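Good morning, colleagues. Please take a moment to look at the sequence and the model on the screen, and then I shall take you through it part by part.

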Amino acid sequence: MTGKHKKRYSTPFIATASGIIDLFRKQKNTVTLKDDELLIGKNILITGSSSGLGFEAAVQLAGRGANVWMACRSGIPEKGNLVIKLSGNKNVQMIHVDLADMNSIKTLVEELKKLSVTLDVLICNAAVVPSKSRKTKQGIEEMFMVNYLAKYLLIRLILENKLLHMTNGNIPRIIFVSSESHRNPKGYDWDGFGIYKKYSMNKTVELYGYYKLMMTTFANELSRRLNSGSKISCSVFALCPGPVNSNIAREAPVIFKPLLKIIFTIFFRSPRKAVKPILYFACSKEVENSPVDYLFLMSRKKMDAKAMNKENGTKLWQKSEEFLQHHGFVFHQ
Ligand SMILES: NC(=O)c1ccc[n+]([C@@H]2O[C@H](COP(=O)([O-])OP(=O)(O)OC[C@H]3O[C@@H](n4cnc5c(N)ncnc54)[C@H](OP(=O)(O)O)[C@@H]3O)[C@@H](O)[C@H]2O)c1
């Protein structure tokens, strides 16, 4: 990555300023979603839908007629009840998951299986921006787990249990909520993969971009593995919503919170506006049969070359698989 690009996301302050500047740039290759592109009766699971973008996606997609499964660690049942109220759709269920806990992810998948749910759309939205490194129950660094590995584990278990609606010509969609900061890292540190390292807030933004790169690389690799040639079995999409006025900065130092609140309120976009690329990928007929795609705001863009690189994708897949094997997860699919 060029030095110029690296600087755009090097500190929390510069990352925030870069995001705001992007909002004022003229967008090219823009897409639009029509109001009549509905998802009546489609099963959609959204992680991290208790807050911010994920909550808004639940409201809007329920409003378009979907059966919405809100996979959350908090807000049960009140956030689900609010989605029902705001969308007017009763087909909204909440299901508990703590994405920092591998066993909780396994339980989520077992519950979906018990309920015979097959998913038309899976939205991997949840993420954390921690003030410092923390260990999960399994001794893994929390941001690595929630922002990347949980997605890999969830999707491998979903595939293993055949919980994606891939029968009768149906092409399910998997949507990753990424960030333009995935372009920031210089490359992969394969030797350090999954190794717990201590860090504090000044390193958080850099690592956040690194885990977004992992997730976006995984999106490409997943698409390559699920789709061969012209035979499309599953669409895999990633997007950056731009700066969103959400709870993402909840762990920012108390001293900066009043200033951040002002910046977020004035310059950041409301979840209602920012959710549009998620809705587009979930509902649009234009991307039917598309193996892989990326949006920044509502502009179609190429993902970073490191994320599209096949060697990186293969290596990441293997490293993740081996890592999870050490934690007792063996996959056959
Ligand atoms: N906000 C921005 O400016 C911005 C910009 C680019 C990309 N994004 C991306 O947008 C996505 C949504 O973020 P947001 O801005 O809407 O932030 P948010 O309001 O903080 O929402 C994050 C969601 O993730 C959930 N979550 C965090 N840790 C979890 C865990 N261990 N298990 C289960 N759920 C967990 C949170 O649950 P709780 O409510 O229980 O904490 C919450 O529902 C993220 O992927 C983020 O990286 C945001």
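This is a predicted model: local features need pLDDT of at least 70, side-chain atom pairs count only at pLDDT 80 or more; totals for chains, interfaces and linings use all residues.

**Sheet, ligand and loops**

In strand β5, R173, I175 and V177 point one way while I174 and F176 point the other way, and all of them are buried. With five of its five residues buried, β5, which covers residues 173–177, is largely enclosed by the rest of the structure. A residue counts as buried here when its relative accessible area is under 20%.

Strands of a sheet pair through backbone hydrogen bonds, in either a parallel or an antiparallel manner. Here the sheet is open and has eight strands, in the order β3-β2-β1-β4-β5-β6-β7-β8, with mixed pairing. At its edges are β3 (92–96) and β8 (299–300), each of which pairs on one side only. Strand β4, residues 121–124, runs parallel to β5, and four bridges join the two. Within that pairing, C124 stands opposite F176 of β5. Further along the order, β6 (residues 235–240) and β7 (residues 292–296) also pair in the parallel sense, over five bridges. There, F237 has D293 of β7 as its bridge partner.

I turn now to one residue of strand β1, which spans residues 43–47: T47. Is T47 buried or exposed? T47 counts as buried, because its relative accessibility is 3%. Its side chain reaches the backbone nitrogen of A126 at 3.1 Å. Setting aside neighbours within four places in sequence, T47 is in contact with several residues, including A71, L99, I123, C124 and L154.

Next, the ligand. How many residues surround the ligand? There are 29, and the closest are S51, S74, Y208, S246 and R250. By type, this shell divides into 14 nonpolar, eleven polar and four charged residues. For G48, a backbone N or O atom lies 3.1 Å from a ligand oxygen, and for I248 the corresponding distance is 3.4 Å. Taken alone, the ligand exposes 900 Å², of which the protein buries 95%. Two elements give two or more residues to the shell, namely α3 (52–63) and α7 (201–226).

P77 sits in the loop between β2 (67–72) and α4 (78–87), and the peptide bond from I76 to P77 is cis, with omega near 5 degrees.

K162 lies in the loop between α6 (142–160) and β5. Its phi is near 55 degrees, a positive value in a residue other than glycine. K162 counts as exposed because its relative accessibility is 54%.

L297 belongs to the loop between β7 and β8. Phi of L297 is likewise positive, near 55 degrees, in a residue other than glycine. L297, however, counts as buried, because its relative accessibility is 5%. Among the residues L297 touches, not counting those up to four places away in sequence, are D22, L23, C240, R269 and P277. The C-alpha atoms of L297 and I278 are separated by 9.4 Å, and the two residues are 19 apart along the chain.

Note on methods. Residues are numbered from 1 along each chain as its sequence is written. Side-chain values use heavy atoms; hydrogens and water are left out. A residue is near a molecule or strand if one of its heavy atoms lies within 4 Å of it. A polar contact is a pair of N or O atoms within 3.5 Å; within protein, one must be able to donate a hydrogen and the other to accept it, and residues adjacent in sequence count only if both atoms are side-chain atoms. Accessible areas come from the Shrake-Rupley method with a 1.4 Å probe; for residues, only the protein chains shown count as cover. Ala, Val, Leu, Ile, Met, Phe, Trp, Tyr, Cys and Pro count as nonpolar, Asp, Glu, Lys and Arg as charged, and the others, Gly among them, as polar. Buried means under 20% relative accessible area, exposed over 50%, partly exposed in between (1.4 Å probe, protein chains only). Contact means heavy atoms within 4.5 Å. Two strands pair if DSSP finds at least two bridges between them.
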